[in-house]
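Please consult the sequence and the structure below while reading.

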Amino acid sequence: DGFTLHRGMNCYRDHGAELEESKDMVGVQSLDSCRRTCTADAKCQAVVVKQGAAASGECWVRMNVTLSWCVDNSEYDLWLKSRSTSNVKNSIADVGGKTKGSGEQLLGPAH
């Protein structure tokens, strides 16, 4: 369906993702509807939902995702849009004011 599940991972401002101001939490909806919302938005790279909320739950959209900076072992799941992986970087890049070294995966455009 164009998304990869990262179970227990939560990405948000200053923790691996940026928020589109008017589209942080986009409503209570099914997981499929949440992913469709992301698919329709070119800036969206992922959605975050509470674990077990496939039928209905809050949906948060995320952009400029850097998995290594996200919170792991959380009660949320990250669904990463598959085409976002084409932006994986393996060199030194500055993302959101933080620098990651060579060999780390950076998702999203390097600044």
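In this predicted model, Arg7 and Asp77 are joined by a salt bridge between their side chains, at 3.5 Å from N to O. Arg7 belongs to the loop between strand E1 (3-6) and strand E2 (12-13) and Asp77 to strand E7, so the pair ties together parts that are 70 residues apart in sequence. The whole structure contains 4 salt bridges.

- Strand E7, which holds Asp77, spans residues 76-81.
- Beyond four places in sequence, the contacts of Asp77 include Leu5, His6, Gly8 and Met9, and also Val47, Val48 and Val49.
- A polar contact of 3.1 Å links the side chain of Asp77 to that of Gln51.
- Asp77 and Lys50 are separated by 27 residues in sequence, with 6.1 Å between their C-alpha atoms.

**Other salt bridges**
- Lys50 and Glu75 form a salt bridge through their side chains (2.9 Å, N to O).
- Because Lys50 lies in strand E5 (residues 46-50) and Glu75 in the loop between strand E6 (57-62) and E7, this pair ties together parts that are 25 residues apart in sequence.
- Lys50 is partly exposed at 40% relative accessible area, and Glu75 is partly exposed at 44%.
- Asp32 and Arg35 also form a salt bridge, with their closest N and O atoms 2.7 Å apart.
- Both Asp32 and Arg35 lie in helix H1 (residues 31-39), 3 residues apart, or about one turn of the helix.
- Asp32 is partly exposed, with a relative accessible area of 44%, while Arg35 is buried at 9%.

- Glu20 is located in the loop between strand E3 (16-17) and strand E4 (25-29).
- Glu20 is buried but has no salt bridge, and its nearest side chain of opposite charge, that of Lys43, is 4.1 Å away; the cut-off for a salt bridge is 4 Å.
- Outside four places in sequence, Glu20 contacts Asp41, Lys43 and Met63.

**Overall fold and confidence**
- The chain has 1 helix and 9 strands, in the order β-β-β-β-α-β-β-β-β-β from the N terminus.
- Of its 111 residues, 43% are buried.
- The average pLDDT of the chain is 78, and 73% of the residues score at least 70.
- Where pLDDT is low, predicted coordinates should not be read in detail.

Note on methods
Residues numbered from 1 in each chain as written. Predicted model: local features only at pLDDT ≥ 70, side-chain atom pairs only at ≥ 80, totals over all residues. Heavy atoms only, no water. pLDDT = per-residue confidence, 0-100. Helix = DSSP H or I, 4+ residues; strand = E, 2+ residues; numbered from the N terminus. Buried < 20%, exposed > 50% of the residue type's maximum accessible area, 1.4 Å probe, protein only. Lys, Arg positive; Asp, Glu negative; His and termini not counted. Contact = heavy atoms within 4.5 Å. Polar contact = N/O pair within 3.5 Å; in protein donor to acceptor, adjacent residues only side chain to side chain.
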